[in-house]
Amino acid sequence: MNPLLVDSDTPAPLSQADSGWFLVGCAAPGQPAQHFQISKETFTIGRRQGADLKLGSMRVSGRHAEIVSISGNLFLRDLNSTNGTFVNRKRITQPTPISPGDHIELADMEFRVEHKDPVVEATSSDSHSCMRQTIQEIDSFESEWVLTQFDELMRQRAVTPAFQPIVTFGTRETIGYEALARSSMSGLETPGTMFHTASLVNREAELSMLCRQRAVECGRLLGPENRIFVNTHPLECLRVDVLPSLKILRRNFPDVQLVVEVHERAIDDLTTFREFTAQLRDLEIELAYDDFGAGRARLLELVEVPPQFLKFDAGLIRGIHNASEHQRKLLKMLVEIARDSQTMTLAEGIETREEADVCHELGFDYAQGYYFGKPARLKRYPSGLGISDTTIRAMMEDGT
């Protein structure tokens, strides 16, 4: 393991399965009232098929509103509905914290927010009333606090990336690291909580650019021989957001070997994407297709605009040693197609020796996953562009 890295805690994202949050109301005019559990971190409400809560009123928009959970707190956001979203009779125009007892209106449909806590349910009715009021006050405070924390994270640039090694099969030589966003800000420790909070205020692209900046500022300490793999966000425009930010990084860090990861879903127009990749070549930045195979494998794009790296999604790799012969042959075929395009293949999410052995047999070039190394933090993080490598290394060596 690189001596500049230390083990990183990677807490699991918040689970909503047992959250106890409910909307109480009717799914359509004239129907009896029901309890609808808010069972997902992003819970959509609307008239369109596929909404988590489908409403049967023509006054409700197809995608009317959504409830987003951040660190156990709920926010209601209107999705540009025609007839409006209201909290306690006030129309909302920005993400708004909601608490038990709040009254929600979606056009002509009404709901009450409830939170069922087994501990609270077991108390007497008097104490239950008092407890519910206390929970409501705390939730309201914490919801506003999370947004304040996010503003502070952006102001302080308080993203502290963890780095997971990418190794060659056979020799296990480290050829680079993927930078994974972390933060020590309470309530915003993981990428999920950071980006969920950013979505409430439409700052996902801004946060993604900050994550790349911090990844390179910190990752340069790992040495010029190591590539730094940085991510993009689906809401970023490659031309408007990603490319300008990469030009700044290249100007400030000309010696860093950069690889930018783009999800296959971001490849909408081959002509535009060819132009993007041509400018990456001019900047001496390599390209990786991320999560390949998570949706439909974009083989046309792979052949027409081949990247330097193709990262196969962990869902294809996990349990591959127990997969059928047909599945292994399919995976081997995809690896060979990539090789014909002069693309290096990388298996993500390898957690066991058996998975590693099969991926090696299938011809993968590189590996990434807990079996080869968990994400790890630097011993000390630089705060910005102005600090020199010499000063940073001195701080890390003496522990100041």
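This is a predicted model: local features need pLDDT of at least 70, side-chain atom pairs count only at pLDDT 80 or more; totals for chains, interfaces and linings use all residues.
This note goes through the sheet, the aromatic pairs and the cysteines of the structure above.

1. Residues are numbered from 1 along each chain as its sequence is written, and side-chain values use heavy atoms, with hydrogens and water left out.

2. An open antiparallel sheet is formed by 6 strands in the order β3-β2-β12-β11-β8-β9, with β3 (34-37) and β9 (90-91) as the edge strands, each pairing on one side only. Strands are DSSP runs of E, at least two residues, numbered from the N terminus, and two of them pair if DSSP finds at least two bridges between them. Between β2 (residues 21-25) and β12 (residues 109-115) there are 5 bridges, and Phe22 has Glu114 as its bridge partner in β12.

3. The whole structure holds 9 aromatic pairs (ring centres of Phe, Tyr or the six-membered ring of Trp within 6.5 Å; planes under 30 degrees apart are stacked, over 60 edge-to-face, the rest tilted). Phe36 and Phe111, with centres 6.3 Å apart and planes at 75 degrees, are therefore edge-to-face; since Phe36 lies in β3 and Phe111 in β12, the pair ties together parts 75 residues apart in sequence.

4. Phe36 and Phe111 are both buried (under 20% relative accessible area; exposed is over 50%, partly exposed in between, with a 1.4 Å probe and protein chains only).

5. Cys26 is partly exposed at 25% relative accessibility, whereas Cys359 is buried at 0%.

Notes
Helices (H or I, at least four residues) and strands (E, at least two) are DSSP runs, numbered from the N terminus.
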